[in-house]
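Open your viewer and switch to a cartoon view.

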Amino acid sequence: MSRSAQTAAKIPPTGRWAVEASVPACLVPQRLAGIDQDGLARICLTVADGRIEAIEAVTGPSDALSTGMVFPSFVELHTHLDKGHIWPRRRNPDGTFFGALDNVTLDREAHWSAADVAARMDFSLRCAYAHGTSAIRTHLDSIGKQIGISWPVFSEMRERWAGSIELQAVALFSIEHVADRAHMSEISAALRTHDGILGGVTYMVPELDQGLDTLFRLAADNGFDLDFHVDETQDPTARSLHHVAEAALRHRFAGQVTVGHCCSLARQGEDEIKATIDKVAEAGIAVVSLPMCNLYLQDRVPGRTPRSRGVTLLHELKAAGVDVAVSSDNTRDPFYAYGDLDALEVFREATRVAHLDHPFGDWPKAITATPASVMGIDAGRLRVGGPADFVLFKARTWTELLSRPQADRIVVRNGQAIDTTLPDYEELDALLLDHTKDLVRGPQASGP
């Protein structure tokens, strides 16, 4: 039996117990002693009746279980649970953004019944739960008939997973759809019924500002938060992020505004970058980067090595006071052929791609406390009196943690070690493999 398995076996199903581990100090609200050069502190964390009873500095030998590192449960701010795992029946033949748009549209129109969406969504949530995630925000394609299919499924799933994964959902559609009054009326009704968030995909189209004004007014009138897909392109002239920030300031919007991707910001001139980041900071907008999906899609040209990493300017945004998070985005669909909703994988890749290290500082908050704050939930940190929801790793240092997948992690929820067995892909075969004869098409049109 591995050391991790032995530790898991020693965690009692009920009662009081303690574990000694190193923690990123930024994830514990209280002041900690003995923080090392990597921002880690050795603590003894005591659990009683499913909650954290005490967090104390380690001062000597104790009867506590001993392990390497501890993280609070993870929080994913930007995912697409409705698209997940359709790759076996609908691939992206050239790996491009427009190829992804076209093939997702084809799959959605052909197959996204309530049963299909529910089965794939539940599979994804079981993966995330086994990896140690306790909260997820998903975007839901909200066009035509899909509004009446996916939103009720989401509500069902939110109720089913209550107490295990806290779920939020965002309505996803192109900015051009805002001009359609019937569409927007249906969206508003769905969000009110299912307690959703208003979203959209912004492009540099003539109706951009008018569309943003409509969305901000609708959000203000109904108490909706806003969450946009923004500038998911390498085109330096794509600057809808600036327009979103100006709209938030113009409307003096009091709700939460979140933007994802913002890839083109990294391709612009320094003066333009500073002007946009200053606006984003002034408007209080949160930014979530999707490093794995953006690496996969951005700057992809057949036969040519990509020149750009595709991620936005995380360091510069954070330095300006902007809340910055990283998240999984898509999993095993035409937008990203890989992924498993493992937030640790996201942090590992983000660290390598965007140099979130030397020092690590408070970057661990990007998959825990920061997205939890943006979502307005109590999660993503370890605090006395809080739920005993955390992940234990055998790895003792950052280089050990980020060098391996940590497949032997121990996930603790409500003070108990859970079963971390991942669902088998074979479960989806009946849903997906009967359709592998479907045509696989290349890029044809834009739009979600």
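At what angle do helix α4 (residues 146-160) and helix α5 (residues 181-194) pack, and how far apart are their axes? The angle is about 10°, and the axes are 11 Å apart. That makes α4 roughly parallel to α5, because angles under 35 degrees count as roughly parallel. Keep in mind that this is a predicted model.

**Stop 1: the helix pair**

Show side chains in both helices. From α4, select Ile147, Trp151, Pro152, Ser155 and Arg158. They meet His183, Glu186, Ile187, Ala190, Leu191 and His194 of α5. Colour this contact by class: six residues are nonpolar, three are polar and two are charged.

**Stop 2**

Select the strands from β5 to β12. They form an open sheet of eight strands, paired in parallel. What is the order of the strands? It reads β5-β6-β7-β8-β9-β10-β11-β12. Which strands stand at the edges? They are β5 (74-79) and β12 (324-326). Each has a single partner strand, so one side of each has no neighbour in the sheet. Turn the view to follow the twist, which averages 25° from one strand to the next.

**Stop 3: from β7 to β8**

Select strand β7 (residues 166-172). It runs parallel to β8, and two bridges join them. To find the pairing, pick Ala171: it stands opposite Leu198 in β8.

**Stop 4: strand β9**

Next, select β9, residues 226-230. Is this strand mostly covered or mostly open? It is mostly covered, as five of its five residues are buried. In a regular strand, side chains alternate between the two faces of the sheet. Check both faces here. On one side are Leu226, Phe228 and Val230. On the other are Asp227 and His229. Both faces are covered, and all of these residues are buried.

Strand β8 (residues 197-202) pairs with β9 in the parallel sense over five bridges. Pick Asp227 in β9, and you will find Gly199 opposite. Strand β10 (residues 257-261) also runs parallel to β9, joined by five bridges. Here His229 has Gly260 in β10 as its bridge partner.

Trace the chain next. From β9 the path crosses through helix α7 (residues 240-250) to β10, in a right-handed β-α-β crossover. There is another unit to trace: β8, helix α6 (residues 208-222) and β9 also make a right-handed β-α-β unit.

**Stop 5: Asp213**

Stay with α6 and select Asp213, which is in this helix. Is Asp213 buried or exposed? It is buried, with a relative accessible area of 17%, because buried means under 20%. Show its surroundings. Leaving out residues up to four places away in sequence, Asp213 touches Arg250 and His251.

**Stop 6: a hairpin**

Move to strand β2 (residues 40-48) and strand β3 (residues 51-57). This pair is antiparallel, with six bridges. Pick Cys44, and look opposite for Glu56 in β3. How many residues lie between β2 and β3 in the hairpin? There are two. Asp49, in the turn, has a positive phi of about 55°.

**Stop 7**

Most residues other than glycine have a negative phi, and most peptide bonds are trans.

- His85: phi is near 70°, a positive value in a residue other than glycine. Look for His85 in the loop between β5 and α2 (97-111). His85 counts as buried, at 1% relative accessibility.
- Leu341: phi is positive, about 55°, although Leu341 is not a glycine. Leu341 is in the loop between β12 and α11. Leu341 is buried as well, with a relative accessible area of 3%.
- Pro359: the peptide bond from His358 to Pro359 is cis, with omega near 10°. Select Pro359 in the loop between α11 (343-354) and α12 (369-375).

Conventions. Residues are numbered from 1 along each chain as its sequence is written. This is a predicted model: local features need pLDDT of at least 70, side-chain atom pairs count only at pLDDT 80 or more; totals for chains, interfaces and linings use all residues. Side-chain values use heavy atoms; hydrogens and water are left out. Buried means under 20% relative accessible area, exposed over 50%, partly exposed in between (1.4 Å probe, protein chains only). Helices (H or I, at least four residues) and strands (E, at least two) are DSSP runs, numbered from the N terminus. Two strands pair if DSSP finds at least two bridges between them. A crossover is right-handed if, with the strands pointing away from the viewer, the path from the first strand over the helix to the second runs clockwise. Axes are lines fitted to C-alpha atoms, for helices over the stretch in contact, and angles run from 0 to 180 degrees between N-to-C directions. Angles under 35 degrees count as roughly parallel, over 145 as roughly antiparallel, 65 to 115 as roughly perpendicular and the rest as oblique. Contact means heavy atoms within 4.5 Å. Ala, Val, Leu, Ile, Met, Phe, Trp, Tyr, Cys and Pro count as nonpolar, Asp, Glu, Lys and Arg as charged, and the others, Gly among them, as polar.
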